[in-house]
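Q: I am new to this structure. Please pick one part and look at it closely, then show me what lies around it.

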Amino acid sequence: APRLILVLGDQLSETGASLRAADPGRDVVVMAEVMSEATYVRHHPQKIALVFAAMRKFAARLAAGGWRVAYARLDDPENAGSIPAELLRRADATGAREVIATRPGDWRLMAALEETPLRMRLLDDDRFICRPRDFAAWAKGRKNLRMEWFYREMRRRTGLLMEGDSPAGGRWNFDAENRKPPKAGLSFPQPPAFAPDATVRAVLDLVAQRFGAHFGELEPFTWPTDRDQALALLHHFLRHALPRFGDYQDAMVAGQPVMFHSLLSPALNLGLLSPLEVARAAEAEWRAGRAPLNAVEGFIRQIIGWREFIRGVWSLGGPGYLRRNALGHRRKLPAFYWGAPTRMRCLAEVVGQTRRRAYAHHIQRLMVAGNFALLAGVDPAEVHEWYLSVYADAFEWVEAPNTLGMSQFADGGVVASKPYVSSGAYIDRVSDYCRGCGYDVKAKTGPTACPFNLLYWYFLDRHRERFAANPRMGPIYRGWDRREEATRARILGEAEAFLARMEAGEEV
Ligand code: FAD
Ligand code: SF4
């Protein structure tokens, strides 16, 4: 009898573990667009379209390569509605008893697969540089997991930017040269937009019909949906954006959603590109003298450092990680995250572009959307659901540690050594958002005070017990304590009044 080879929507790599273990002459590849996956959170329509379109093209490629592919479209009347149910249906039809699958990057789906009555062979997803057991071995016995140490291991292991045993340029990290504020008149490369072909068009029509009510605009849809397009995006990035990637990595400019970022996360997460090929391609630009070391090192660190580290934290954390709420935050996510009007220009910009593009770059996610939610004390489970829904690149393994760990400190400090919070001054320094905002970033109190200024102290005051002993935060508390009692009381009172207005549904 044939065996069923399960290929999930984010496992679109021809050298993926389940495909490598299969026999094309005997086995049947199972792929399915199912309602349960499209709706377990209300995904942005572009994200659903991206996954379905890329799946259809990948299935066609496998079929052209001689594979038998049993593919269920969402509107197929026989579609069983979930991955386990689709496996059972295909097992009935083919007489298969055994399933070979690559482990999903999602605990919910992992549990569902383990519960099917079919014999299930779950293989490690070896598209990552660091396997879960290697990460566990690295993490064992360490009190704190710090990305920087892990990253050095990855540099040594891959040989990327290494000269013998030493890092190229004599340093592991060139961030001191990065993170420039945006200059006036800076111009940005236009990222390529992939016009919908017939396959993508059909998916866009389906998604418009079925998921049109989800938050987010479906079109223009410009994401790469196959390997050739993903490679074109990579090459465009290497040529036009990589040389300045480091300099403006943390900058934010109104109306410029992409700047010098790569837009490669969806292609990487779906499996259209491999992290090593992307990192090696970036290294080659430096070796050829076309991009400076600070830019290339910064970019490679995101891929072989942060991305792999985050994956390790997810695999180590287990399903319980998703429920962490170390700071005990309980507030509901404000309506402006779903597009209700807000006077805060930074949030209006980030949410607006998220709605239009299903994309925001890292600092927007961390220091605007995430920072506000943390300062305001929003329930991390709600924040997690938002991030998982609204970004085209959002899959649990990568979204959850970034949101719950890095951004919301809900894991109590596994990913981040201190909470990523800031007052308005930080946002003003790295962006042009504060000009043209309804609030005044310089005002610390009063009706025009930037809410980040009020909430920053509210947060620190509320969590004094946890953070005052942190060596990097102690000086902040000492500065706060030196202020007059009346000033402190006023700031905290105004912060609470702001939150009360927000909770009452007033436009803030
Ligand atoms: P670039 O700036 O061009 O970076 C290059 C690549 O590095 C990215 O494509 C990505 O693969 C990798 N990378 C960079 N930082 C990280 C990181 N912290 N974790 C993992 N990979 C990283 N990334 C996702 O892929 N999916 C998510 O759901 C996701 N959710 C996030 C939620 C929050 C709250 C935060 C703060 C970050 C999140 N990130 C997520 C990480 C990061 O913001 C995105 O990977 C990045 O913005 C994608 O855009 P880009 O491809 O243009 O990135
Ligand atoms: Fe955001 Fe405050 Fe700046 Fe307005 S003033 S854009 S709310 S940081």
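A: Where to begin

D106 sits in the loop between β4 (98-102) and α5 (107-114). The model is predicted, so local features need pLDDT of at least 70 and side-chain atom pairs count only at pLDDT 80 or more, while totals for chains, interfaces and linings use all residues. Residues are numbered from 1 along each chain as its sequence is written, chains are lettered from A and ligands numbered from 1 in the order in which they are written, and side-chain values use heavy atoms, with hydrogens and water left out.

Is D106 buried or exposed? D106 is buried, because its relative accessible area is 8%. Buried means under 20%, exposed over 50%, and partly exposed in between, with a 1.4 Å probe and protein chains only. The side chain of D106 makes a polar contact of 2.8 Å with the side chain of R108. A polar contact is a pair of N or O atoms within 3.5 Å; within protein, one must be able to donate a hydrogen and the other to accept it, and residues adjacent in sequence count only if both atoms are side-chain atoms. Set aside the neighbours within four places in sequence, and D106 is in contact with Y40, W314 and E396. Contact means heavy atoms within 4.5 Å.

Now step back to the domains. Their bounds come from an automatic or database domain assignment. That assignment gives domain 1 (4-123), domain 2 (132-191 + 241-317) and domain 3 (335-503). The C-alpha centres of domain 1 and domain 3 lie 39 Å apart. Even so, 14 residues of domain 1 are in contact with 15 residues of domain 3.

Next comes ligand 1. Its shell draws at least three residues from each of domain 2 and domain 3. There are 29 residues around ligand 1, and H261, S262, L263, Y359 and N402 come nearest. A residue counts as near when one of its heavy atoms lies within 4 Å. Four helices each supply at least two residues of this shell: α10 (265-270), α12 (293-317), α14 (362-376) and α16 (396-407). The shell residues divide into 15 nonpolar, 10 polar and 4 charged. Here Ala, Val, Leu, Ile, Met, Phe, Trp, Tyr, Cys and Pro count as nonpolar, Asp, Glu, Lys and Arg as charged, and the others, Gly among them, as polar.

A side-chain N or O atom of S262 is 2.6 Å from an oxygen atom of ligand 1. R365 places a side-chain N or O atom 3.5 Å from a nitrogen atom of ligand 1. D393 uses its backbone: an N or O atom there lies 2.9 Å from a nitrogen atom of the ligand. The protein covers 99% of the 810 Å² of accessible area that ligand 1 has on its own. Such areas come from the Shrake-Rupley method with a 1.4 Å probe; for residues, only the protein chains shown count as cover.

Among the residues around ligand 2 are C346, C434, C437 and C450. Its shell divides into 10 nonpolar, 1 polar and no charged.

Another loop is worth a stop. H214 lies between α8 (198-211) and α9 (227-240). H214 is buried, because its relative accessible area is 8%. Its side chain reaches the backbone oxygen of H43 at 2.7 Å. Beyond four places in sequence, the contacts of H214 are A38, R42, H43, P45 and I48.

F221 is in the loop between α8 and α9 as well. At 3% relative accessibility, F221 is buried. Not counting residues up to four places away in sequence, F221 touches Q46, A49, L50, F194, P196, V200 and L204. P220 is also found in the loop between α8 and α9. The peptide bond from E219 to P220 is cis, with omega near 0 degrees.

M259, in the loop between α9 and α10, has a positive phi of about 55 degrees although it is not a glycine. M259 is buried, at 2% relative accessibility. R179, in the loop between β7 (166-167) and α8, has phi near 65 degrees, a positive value in a residue other than glycine. R179 is partly exposed, with a relative accessible area of 43%.
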